[in-house]
Amino acid sequence: MKKIVEKTEQILEFGGMKKDIAFLVISGLSLIISIFDLVPLPFDAAWAAVILCGIPIILEAVIGLVTAFDIKADVLVSLALIASVLIGEDFAAGEVAFIMQLGALLEDLTVAKARSGIEKLVSLTPQTARVVSGGTETIIPAEHVKAGDTLRVLPGETVPADGIILSGQTSINQSVMTGESLPVDKAAGDEVSSGTVNQFGAFEMRAVKVGEDSSIQRMIRLVQSADAGKAKIVGLADRWATWIVIIAVTAAVLTWLISGEIIRAVTILVVFCPCALVLATPTAIMAAIGNAAKHGFLVREGDALERLSKVSRVLFDKTGTLTYGTPKVTAVRSVLPGISDTALYRIIASAEQFSEHPLGKAIAACSKKEGLSLSSAENFRMIPGEGVSASVGGRTVIAGNTRLLVSNGVSLPEEVSHETGKYLSAGCTVIYTAIEGKLAGYIVLSDTVREESRDMISSLNRLGVLPVLVTGDNQNAADAIAGQLHISEVHANCLPEDKLNHIGACQQNKHAVCMIGDGINDAPALKKADVGIAMGGVGSDIAVDAADIALVDDEIRELPHLLALSRRMMTTIKLNLTFSMALNFLAITLAITGLLGPVIGALVHNAGSVLVIINSALLHGWKQRR
């Protein structure tokens, strides 16, 4: 029996969606020929629809009953098909089969398989490691690294294990773990995580957590577990199928016994078929997905909008989501007499123009946008973990952090320290500059808030949805952005596990959660949330694969429209369901009294299905009222 079931399932799956579309086209034409008697045939043309669309329904119903005693809507449809054929109502059988297969095709078109992106995460796993022992360096597979091993990591290489730096200074790109685009300066005694990328200086480290205990492997497990824990929504018709079947069969049998007319019983089975009920949800979802696409949202899972309609909290990552994710110069101050702020800006940008550090690149890029002409820089030198030095206009210029000032014997006056402290407390980055050994001033960079973020957050509040900021950035930077956007709930210094735990806590408190992020570190949270939305333009491929919805053009201002659209879609679905159920009960009443035959009953069903489709289609052009 098991082999028969497996073989049948293989036959049903053969050809896929193209086969289903072809069968529906042929069946639709055959029904038109049948009802209008367009072509003289020795048999009813509706048999094409019965065979092509009806037999797969019957086989699936039998498989469900035999393998798991699973009663779905196709059980009632199968009974109606068989009964209609037995009494010679071929058109009624073909029409019911056609409508049901049309609904199934719409569901297949809207419910896409979620891709977890695990394969891409695995590709981030370090493949090799440089183990240093007795002054000798040996390259081994990363999975063979043991806790306590001394490892050497060169510029551009991925850190092979979690550990502590023993010697050397560098800058580490930690976006895989924290989502922050700017590298973090590291020195002896600082911790580093596997999967992060060493950008500039070489260093030696002691491995602490290796293999399955490493950060990148924990990330992979988080994505897997979050995906497995997300509940899948079952179609309403299938959810009510058992009761529909029981009521329909009972009504049909009682009618037959009381009236003695089997045609009334068959008509009840035909009109009880949940055709409009099956179409109510997928047609509305398809129209809403089309509407969402016009506003820049690519809906990757069919039931994502259904889940989104219940969301009461939206969790935002900061960098690349509410902000642009790229640092910009926001302030320049000279403390040297005779050098203006603009002149200092030009000198710093000239010194940084050959830098490979994102901050140096940002300074040079911003200066060019503002039309500053840069001077030539000679003797350029990059100092990992500190900054740069160069000769600009014949004068030695250094630009970097306080460690660079200390190593060059430049003191930082208390007045300047107090000024820059305000910027630092607001989450900005400060680059200090010295010319010929004297402090010349500083330049401030910060990630800037997207222009549309403020209005978007206000709109969410008006919709009764609570915006929450969850970021891997420090508390000061998080508070500064939250203050600008009037976000009351803030969670800073969040690793992937922290975001995941916060979402889990919200869900335990019966809050449906939507997570919006763009980085690899957001992938577990995007999977765990009731709905995950990835910034498709600036976001990583892994984040997009983990999400239910991708915002293709990064126009986050459209998020309130998407939330309102999901709620409107559910209203449309409820109207469709109410109408289809009311039509069903009216048709059943007429069938019991004998006023409605199988063919007319099938046509009534057809008309009901068409009205449901038309009502759903109105969603395609729906716009949120301002």
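Modeller: With a relative accessibility of 55%, S376 counts as exposed (over 50% relative accessible area; buried is under 20% and partly exposed lies in between, with a 1.4 Å probe and protein chains only). The model is a predicted one, in which local features need pLDDT of at least 70, side-chain atom pairs count only at pLDDT 80 or more, and totals for chains, interfaces and linings use all residues. Residues are numbered from 1 along each chain as its sequence is written, and side-chain values use heavy atoms, leaving out hydrogens and water.

S376 belongs to the loop that runs between α16 (358-369) and β13; helices (H or I, at least four residues) and strands (E, at least two) are DSSP runs numbered from the N terminus. Leaving aside neighbours within four places in sequence, S376 is in contact with Q353, S391, V392 and G393 (contact means heavy atoms within 4.5 Å). A separation of 8.2 Å lies between the C-alpha atoms of S376 and A351, which are 25 residues apart along the chain.

Strand β13 covers residues 377-383, and N379 is placed in it. The phi of N379 is positive, near 55 degrees, although N379 is a residue other than glycine. Most residues other than glycine have a negative phi. N379 is exposed, its relative accessible area being 65%.

A second residue of this kind is K510, with a positive phi near 70 degrees in a residue other than glycine. K510 is in the loop between α21 and β20 (512-517), and at 75% relative accessibility K510 counts as exposed. Helix α21, residues 496-508, has 13 residues and reaches 19 Å from its first C-alpha to its last, close to the 18 Å expected at 1.5 Å a residue (1.5 Å times one less than the number of residues). P496, K499, L500, H502, I503, G504 and C506 are the buried members of α21.

We now turn to helix α24. At 1.5 Å a residue its 34 residues should span 50 Å, and the end C-alpha atoms are 49 Å apart, which agrees. The residue G594, which follows α24, has a positive phi, near 85 degrees.

Which residues of α11 meet α24? R264, T267, I268, V271 and F272 of α11 meet N584, A587, I588, A591 and I592 of α24. By class this contact has seven nonpolar, two polar and one charged residues (Ala, Val, Leu, Ile, Met, Phe, Trp, Tyr, Cys and Pro are nonpolar; Asp, Glu, Lys and Arg are charged; the others, Gly among them, are polar). The axes of α11 (residues 262-272) and α24 come within 9 Å and cross at roughly 175 degrees; axes are lines fitted to C-alpha atoms, for helices over the stretch in contact, and angles run from 0 to 180 degrees between N-to-C directions. α11 is therefore roughly antiparallel to α24 (over 145 degrees; under 35 is roughly parallel, 65 to 115 roughly perpendicular, the rest oblique). Helix α11 is mostly covered, with nine of its 11 residues buried. Among the buried residues are R264, T267, I268, V271 and F272, each of which also takes part in the meeting with α24.

Another helix, α19 (residues 453-462), also packs on α24 (residues 559-592): the two axes come within 8 Å and cross at roughly 25 degrees. α19 and α24 are therefore roughly parallel to each other. M456, S459 and L460 of α19 make the contact with L559, P560 and L563 of α24. By class, this contact of α19 with α24 has five nonpolar, one polar and no charged residues.

Elsewhere, I26 is found in helix α2, residues 16-36. With a relative accessible area of 43%, I26 is partly exposed. The C-alpha atoms of I26 and C53, which are 27 residues apart along the chain, are separated by 9.8 Å.

These parts belong to a protein chain with 25 helices and 22 strands. Of its 626 residues, 53% are buried. Among contacts between residues at least 6 apart in sequence, 69% join residues at least 24 apart.
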